[in-house]
Amino acid sequence: MKFAQICDRVEIDGATNAPLDISALSGNWLNSNPDTTGIARLVMSETNGKLSLQVYAVGPNGLIDWGTTAVNILAAGPASRVIAGFTCLYDFGFAETVLQGMILKGLIVLAQIHHFKDESQRVDYFVREYFSLAHGRY
Amino acid sequence: MTQSYEFRQSGHLNPALTDPATRTLNAEKLLGRWVNTNLETQGVAEIIIEQEGERFSVSVVGVGADGPIQWPKSRATALANLEEEAGQRALALSATFDFDFMRAETYLRVNKGVLVIVLFNTFRDHSGRSNYVNREFFYRQD
């Protein structure tokens with residue numbers, strides 16, 4: 001087994017090969033910042049064991065639906081079956097946005113990397129925001 | 001910034017994105033040799049961030065079984081980090097490390113003098129290992 005850091009040298013058994021439980025990410029995640037100019041809401045849906053994401057971002061005239069994309073799910077470690085994050089890509093033509101999410105203390109900490117491909121001379125930028133699950137319990 | 005630009009969120013229209021001052025953000029806080037705050041780490045021991053002109057590179061040393069493992073040096077993408085608290089503008093970096101058996105997509109930022117790296121690791125070798133996310137913290141060792 002090849003590794004670039006010793007923590008990646010792990011024993012793999014049947015339990016390790018079990019599918020990740022992705023239910024912890026399913027649901028409607030709301031930005032903790034009501035004044036965000038970025039992503040307002042993440043809608044995570046589970047279909048046939050796969051997770052997909054629909055993003056709603058803040059626009060000048062209301063929310064903008066980015067559409068649905070597949071996400072790559074990530075565990076907490078190389079031998080872990082506990083979901084701990086995800087990555088995905090939105091390609092808008094004029095720009096690409098990479099989303100890299102990490103679950104911390106029940107929040108999604110979402111890093112957004114925006115890369116402009118047009119001639120607008122806008123600089124690529126990075127934003128990190130927090131999202132909480134709208135669980136409706138309290 | 002005029003709204004003739006294409007956008008998918010209001011943030012894409014932030015005037016700071018075309019402000020010349022944003023293009024020349026000082027990278028000094030990121031540059032140098034950084035050592036993991038966790039003496040017992042089994043992951044990344046050390047990071048060196050260098051700048052040559054407008055180009056940035058990131059060198060990573062992993063903890064190995066028989067000594068340090070030098071990762072292939074990666075060219076990094078500089079990103080304006082406009083959302084830091086107190087309205088401060090800073091630089092963040094993204095860098096990808098490609099191995100034949102694994103790919104590590106990372107972002108790096110400095111928060112209150114601590115370098116934070118988040119690694120999104122994907123295995124390509126069908127070893128059965130889970131793809132995973134990990135975060136580590138580093139202090140500057142000049």
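## Basis of the description

In this predicted model, local features need pLDDT of at least 70 and side-chain atom pairs count only at pLDDT 80 or more, whereas totals for chains, interfaces and linings use all residues. Residues are numbered from 1 along each chain as its sequence is written, chains are lettered from A in the order in which they are written, and side-chain values use heavy atoms, with hydrogens and water left out.

## The interface of chains A and B

With contact taken as heavy atoms within 4.5 Å, 56 residues of chain A touch 53 residues of chain B. The area buried between the two chains, that is, the accessible area (1.4 Å probe) lost on putting them together and summed over both, is about 4500 Å², and carbon and sulfur atoms give 60% of this area.

The rule finds 1 salt bridge across this interface, a salt bridge being a side-chain nitrogen of Lys or Arg within 4 Å of a carboxyl oxygen of Asp or Glu. The pair is B:Asp100 and A:Lys2, whose closest N and O atoms are 2.5 Å apart. On the side of chain A that touches chain B, 32 residues are nonpolar, 17 polar and 7 charged, where Ala, Val, Leu, Ile, Met, Phe, Trp, Tyr, Cys and Pro count as nonpolar, Asp, Glu, Lys and Arg as charged, and the others, Gly among them, as polar.

## Salt bridges

Over all chains, the structure holds 9 salt bridges. B:Asp100 lies in the loop between β6 (90–98) and β7 (102–111) of chain B and A:Lys2 in the segment before β1 (27–31) of chain A, so this pair joins two chains; strands (E, at least two residues) are DSSP runs, numbered from the N terminus. B:Asp100 is exposed at 55% relative accessible area, while A:Lys2 is partly exposed at 45%, exposed meaning over 50%, buried under 20% and partly exposed in between (1.4 Å probe, protein chains only).

Within chain B, B:Lys73 and B:Glu50 meet at 3.1 Å, N to O, and this pair links distant parts of the chain, 23 residues apart. B:Arg103 and B:Asp98 form another salt bridge at 3.3 Å, N to O. In chain A, a network of salt bridges links A:Asp91, A:Glu96 and A:Lys117.

## Loop residues with positive phi

A:Gln121, in the loop between β8 and β9 of chain A, has a positive phi near 65° and is exposed at 53% relative accessibility. B:His126, in the loop between β8 (114–123) and β9 (132–140) of chain B, has a positive phi near 55° and is exposed at 80%.

Note on methods: Helix = DSSP H or I, 4+ residues; strand = E, 2+ residues; numbered from the N terminus.
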